[in-house]
Amino acid sequence: MIQQGGGALGIGEIPIGPTWQTNYFIGADAQGRDVMARVLYGGRASLEIGIGSALICCGIALVLALLAGFFRGPIDALLSRLMDLIWAFPVYLLAISLATVLLTKPNGLQWGFVHVDPSSLWVPTAIIALVYVPYVFRPVRGQVLSVREKEYVEAAIAQGASNGRLMFGEILPNVITTVIVMLPLMIATTVLTESALSFLSIGVQPPKASWGTIIDDGQSLLYTRPWVAIAPGIMIVLTVLSLNVLGDGVRDALDPRAKLRMRG
Amino acid sequence: MGGGTAIKPREGMDFVRRSVFLGVSTMLVVALVAGCGGGGKKSSKTTGATPSAGAKGGTLITRANAAPSGSPDPQVNYTLQEWQFLIITHDGLVAFKRVGGAEGTKLVPDLATAIPTPTDNGLTYKFTLRSGIKFSNGKTVTPQDVKYTFERLFKIGTSPNAGTWYNAIKGGDACVKTPKTCDLSQGIVINGNDITFHLAKPDPEFLFQIALPFAFVLPSGTPNKQLNIPPAGTGPYKWVQYAPNKQMMITRNPNFKVWNKDAQPEGLPDSIVQKFGLSVEAEVTQVENGQTDWIANADSIPSDRLNELSSKYASQVHINPLLATWYFAFNTRIPPFNNLKARQAVNYATDRSSLVKIYGGPKLAIPTCQVLPPNMPGYKPYCPYTVNPGSGKWTGPDMAKAQQLVAASGTKGMAVKVNSDTTDVDKAFGTYFVGLLNKLGYKATPQFLSNDIQYPFIQNSKNKVPFAFSDWFADYPAASDFLNILLGCGSFHPNSNSSPNIAEFCNKGIQAKMDNAATVGVKNVQQANGIWTQVDKEVTDQAPWVAMFNPKLLDFVSKRVKGFQWSPQWYFLLDQASVK
Amino acid sequence: MSVDGGTPLVEVDSLKKYFPIRKGLLSREVARVHAVDDVTFSVREGETLGLVGESGCGKSTLGRTIVRLLDPTSGDVKFRGRSIAKLGRRGLRPLRREMQIVFQDPYASLNPRKRVGSIIAAPLQIHGVGDRDERKKQVRALLATVGLSPEHYNRFPHEFSGGQRQRIGVARALALRPKLIVADEPVSALDVSIQSQMLNLLDDLQEEFQLTYIFIAHDLGVVRHVSDRIAVMYLGKLVELSPAEELYERPIMPYTEALLSAVPIPDPDLSDQRERIVLQGDVPSPINPPSGCRFHPRCRYMTDICVQVEPPLVDYGNGHLAACHHPLNVDKETLDRARVSERHTPAAADEHAKPEDPSGASQPVPTPDIQRSSVVRRIVDYSKRPEEQT
Amino acid sequence: MAVFIVRRSIGLIAVLFAITVLTFLIFFATPGVDPTRALAGRNPTPETVAAIKHQFGLDRSLPVQYLLMMKRLFISRDLVSYGNQALKVVPAITSAAPVTFSLVLGAAVIWVVFAILTGVLAVILKGTIFDPLLMILALIGISMPVFWLGEVANLVTQDRLHNTFLFHWVPPLGYTPLTSNPWQWFLHLVIPWITLSVLYIGFYARVLRANLLDVENEDYVRTARAKGLSERRVLLKHMLRTSLITFVSLFGLDFGVLVGGGALLTEVVFGLPGVGKLTYDSLVKLDLPVIMATVIYGAFFITIANALVDIVYARLDPRIRPA
């Protein structure tokens, strides 16, 4: 990654600006790295985290919502209060708090055999997934509560179906649409959140890059080489825009009345 | 002689490692003056020692990203950022000469009428207090105030160096143990205007220590708890505002009259303000647009803008060399770098010009292979880890030799964590070394830690950091400050967050030489320096570090600032600049 | 209408089901809905028990409690003599094969996201009956049994009409060859034209599979033709239980009388002749049921004793039980035999057992002369698929 | 209703309590949360370190530390930052809050006005090319990371076009209080206001448009039309009024979130010393007391906003009350 001697830097030396050619298409960053190449690679991390965290988030929220809505009573109360708690944190504050803590565990986290390195993409992925769980949990839980009262669930109980079968065989198929509708919008949201966290240096850790980290790098180069910051931003806008359009489409197709409150 | 205060010209957060103060003998100071002057001339825009008598008036607007960390209390604060204000609002008994250039490391009498010669084998210092000097609150300075000041230093309980420096005063150790009942009647004896300090043990650094803001004289009755704004002082300015999330501000002290212009000259601006909160990028733009006059050294100017600055704003840029070395420390006690050949290999392979480029280019840093920075007593250029060794200068990496050494060391393929902090530049260093180590056949991964955490983390041997970024700024020119503190056996404390010997390096033979140099140095500085030169060379051969470069400091001032003066001790002398 | 044939399959003993009502900050229980309040009866194997009452009287709750979709508050349910009221999930599992329920709403009772085949196969799968292919075969057979085409296997419920869906529901209930089926108003959501098809189907299935039915309905017209005995519920209480024909001919409880008077009669002459008893007021709240006889606020024979004393369920002979202080259609002898309560002497009862207008009560209510199911059967042949008929 | 409000308030207090505990635990799980480094210097004596630790109560057990911190935060209100002893946490927040409030209020005015304009215009222009065009613009607004937009705005107004007639009026980054110079206050905030509001204009315009189209088919709207009311009256008086219920409740939540520190990125990019920036700075320095205070402050506004919106909703729609 290091362009030794490639990027001219410092006093009296001219930084590489956009060449609009194959090499250094939009210039080099402070370490002389080709920004275009970084933007393309960064997109991979951004999308991996965005899609990964949205999937994890929806998965966790779905399971929790099924548990809460199905068992009701104390389990529901506990989970719902927990969600209230996460919900009550300002999203970025919670994400920043968690990221700061995780990233400052210098040797990473160790749970049994699972070792998470602070520079792993899993850290931002998990954090972003966690903070958005209530956003999915709430509507899905409401649905589970209503589906659970349906006679076909009673019918399954009368047949002696197990709880797992009731939750996953009977209720899940009826609430999954909501999640599918939410998914593209969730990805749009998580991509934006990832970029924000990385922009604040607490998302993707170097040497890995994401669009957010490149904008962060570009912040100090803003007046001299604005393209370093502008290019990844445009990529984010395009990606999120497409996801939003896709989300609208999915929603119209599957659930014309769903109004989702998604936010970046 | 005294030396530079130590703030790495970058961010303010982790000032700790930069604030390194150690006393040196007066003779060493003299040596520095010579060295520093020489160094200063080499640098393109080093400000001379001749103050241009600028016009008085106006407000000098400075900016910093954040307020000085720690406490605003002058007896607790430990940052250059605040000290640059404190030296013009308060006085000690003695002071560093308030001029730019090498002269600035000389001690001159301040509140005292003269610099005393220690008697009683260095145990007694007798000062005479000038009479008629008033605090900004109108009270006259008395010897009781001086005694009160030193007692307060202990009573406050949290003064960083009370227990390491000022405990030399008789009774000081007891004060450290029970701050509340501190009594220095034994150590500070008042007789009329005479103040006699009795030390418990000889301390050649005592005069420097009392020239620092910890020992600046405060009025009797100042509460013995941390203050939220420095109290009344004797300097040409007084504190009017200290809002840590907004700004700090000093204005003229109407009670001030010049008594010794070497120690405390009259200031030019009517008021000096430091505003907080902007990113350094925005600060640079503000200076360019004339909205801010100067950026505090705690903020480092992005290297990408240096080109713009040096071409478009050349007359507003001032560059001065620092007594500092930036390095990566090997952990000499764990594999792979407990192997000398492996350490040397990395040293050979390191392209120091790349690192210099990351830092800001050859005008802001000079490659080095050794521990001591240029201008340091005992410094002799020495660089074995280059393509054409011999000249003492680094000229280029020797990759072939490096690869050969790695192969010979048998450490190839080992995993190495490269530790650095999250500052852009330091991160880039880390990234560079990850690439380099991988090229040499190691399995290197980066580990970047928040600035606040990285330094204590890498010091603690428990964390087993194999390769870590750090830097060291001399506070005054003494070879022991670098060699003994950073690489002496005594400064390695296992499992402690405060163990400045990051390399965990301990070589009995070298240590004996260092001890010898310290003893000899009390009597014969020249001879001691010779020993230090030898130690520097031997340590460099042992390669506990990859010494990267010696940095210079860049100050960027607005167009209207006239008469920029730069002291090695206090850096930019705020009050000597004219904004009218 | 064999009343005494067979052994009891289900015995319900003092069954109570209350629903708590929680309110306020601490969600304290402030009241209870007395949905099923001390109900005792039994169902013999092979018989059909009609369970009738106005909506909200607790009949569905009773049905659901019997198949243990709800946990009883107290009392007992015995299935083949074995108590199942306290059984846990696991203990109930084998019982699930023996008793099934058919729901009222054919739209809500089928999972819209599952195919018909897997809906019907689900009980087989749950109980591990056969392998995949075997189950598939069984499901196809079941579809045929209930009058659907085996090709419907891969369709979704929304592709079917209400009647067809109800057939799917029945097929699902039958899949495990249960002994008991609680049919919870299985036809009330269907068009009248389809209702009789459905009734005939259930009737035929009873013969084919030797089923015992608890047939819940809210009007007596429907159950008459399918039931051997009929139980009438009012506000959570069982107020009358009788062989079907007897109930229609000789209702004892004034409430039953009122219900019967509402059954439509095809013969206009008879219909005109009959007096229609319109019950006054709404059904009282099951949260605070009326004192004494729960029916008293709406009863036209009401006297003081009805307010004060709750009448027990008394056998008036011939398997005809009723809980009333002022039994109708009972001769003095029978009344003598059956003491309703201490305070309720036959004389007193007789004296007061006169409605303001005794005309409607003194003689049997005329009922249409329709033989059970035979007429219905003549109207339509259920084995033809409904689509072909419409 | 009273029970509902009381229950909601108790829930609110419980959530706030849980948040303080959680925040405290999160940060005490962090190594290096310790004021000694900022105070003690390079080579402190153990006595000094112990004195500093004692001063902050760090030598006590965790529950005691938590209680001490809460006491100093809420009762004696003299909790100080780990980073700078002069930074009293409570005054720091009270002095930062007006900045955040200025930023959010101005942005809110802009976004409400423009969102209503855009939403209504899109409905009026339904069927023409302008409706989808407006909605795409709104989507683009939603899709832009606010920090990036802020950076680009800075690039243009502070540097590239700063010396042209377009943006020469733009003052340097930072903040001037309304009380000291209303005009400068306004000038400093114009660009941040616009930047912050872009996202919300897009979002609210889309929500409003969808709502308007929903109510268009309601009976009362048809009745109004059938009565012969002018299209404008129908739209403004009948449709818009109903649609604004959702709009207003969303607004309540967003306003709460933003005032609670949600405008962090905007504040950081524009150097506005508001609560978000305070939080960010303290997070960078792991300055636990300030983080505690700002997170509680933010959670407070969000929970209050949630509760208020719930209560208002419950008033409007009794069906949701038991939930």
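Guide: D:Arg77 sits in the loop between helix 4 (62-75) and helix 5 (89-124) of chain D; helices here are DSSP runs of H or I with at least four residues, strands are runs of E with at least two, and both are numbered from the N terminus. The phi of D:Arg77 is near 50 degrees, a positive value in a residue other than glycine. Most residues other than glycine have a negative phi, and most peptide bonds are trans. With a relative accessibility of 49%, D:Arg77 counts as partly exposed; buried means under 20% relative accessible area, exposed means over 50%, and partly exposed lies in between, using a 1.4 Å probe and protein chains only.

Before we go on, please keep in mind that this is a predicted model, in which local features need pLDDT of at least 70, side-chain atom pairs count only at pLDDT 80 or more, and totals for chains, interfaces and linings use all residues. Residues are numbered from 1 along each chain as its sequence is written, chains are lettered from A and ligands numbered from 1 in the order in which they are written, and side-chain values use heavy atoms, with hydrogens and water left out.

Now step back to the chain around D:Arg77. Chain D has 13 helices and 0 strands, so its pattern along the sequence is α-α-α-α-α-α-α-α-α-α-α-α-α, with the elements taken as DSSP runs. Its C-alpha atoms fill a box of roughly 85 × 60 × 35 Å along the principal axes. Of the 323 residues in chain D, 55% are buried. Counting contacts (heavy atoms within 4.5 Å) with a separation of 6 or more, 70% in chain D are between residues 24 or more positions apart. Chain D exposes about 13900 Å², and carbon and sulfur atoms supply 70% of that area; the areas come from the Shrake-Rupley method with a 1.4 Å probe, and for residues only the protein chains shown count as cover. Chain D also has 26 positive and 18 negative side chains, and the centres of the two sets lie 5 Å apart. Here Lys and Arg count as positive and Asp and Glu as negative, while His and the chain ends are not counted; each charge is placed at NZ of Lys, CZ of Arg, CG of Asp or CD of Glu.

A positive phi turns up in chain C too. C:Ser14 is not a glycine, yet its phi is about 45 degrees. This serine, C:Ser14, belongs to strand 1 (residues 8-23) of chain C, and at 28% relative accessibility C:Ser14 is partly exposed. Chain C itself holds 16 helices and 12 strands. Buried residues make up 54% of its 390 residues, and chain C exposes about 17200 Å², of which carbon and sulfur atoms supply 48%.

Chain B brings another backbone feature. The peptide bond from B:Pro335 to B:Pro336 is cis, with omega near 0 degrees, and B:Pro336 lies in the loop between strand 12 (324-330) and helix 8 (340-349) of chain B. By an automatic or database domain assignment, chain B is divided into domain 1 (32-248 + 555-576) and domain 2 (324-552). The centres of these two domains of chain B, taken over C-alpha atoms, are 33 Å apart.

Finally, have a look at the aromatic rings. Rings of Phe, Tyr and Trp (its six-membered ring) pair if their centres lie within 6.5 Å; planes under 30 degrees apart count as stacked, over 60 as edge-to-face and the rest as tilted. By this rule there are 58 aromatic pairs over all chains. In one of them, the ring centres of B:Phe150 and B:Tyr166 are 6.2 Å apart with planes at 65 degrees, so the pair is edge-to-face. B:Phe150 is in helix 3 (residues 143-155) of chain B, while B:Tyr166 is in the loop between helix 3 and helix 4 (172-177), 16 residues apart. B:Phe150 is buried at 2% relative accessibility, and B:Tyr166 is buried at 0%. B:Phe150 also forms an edge-to-face pair with B:Phe197, at 5.1 Å centre to centre and 75 degrees between the planes.
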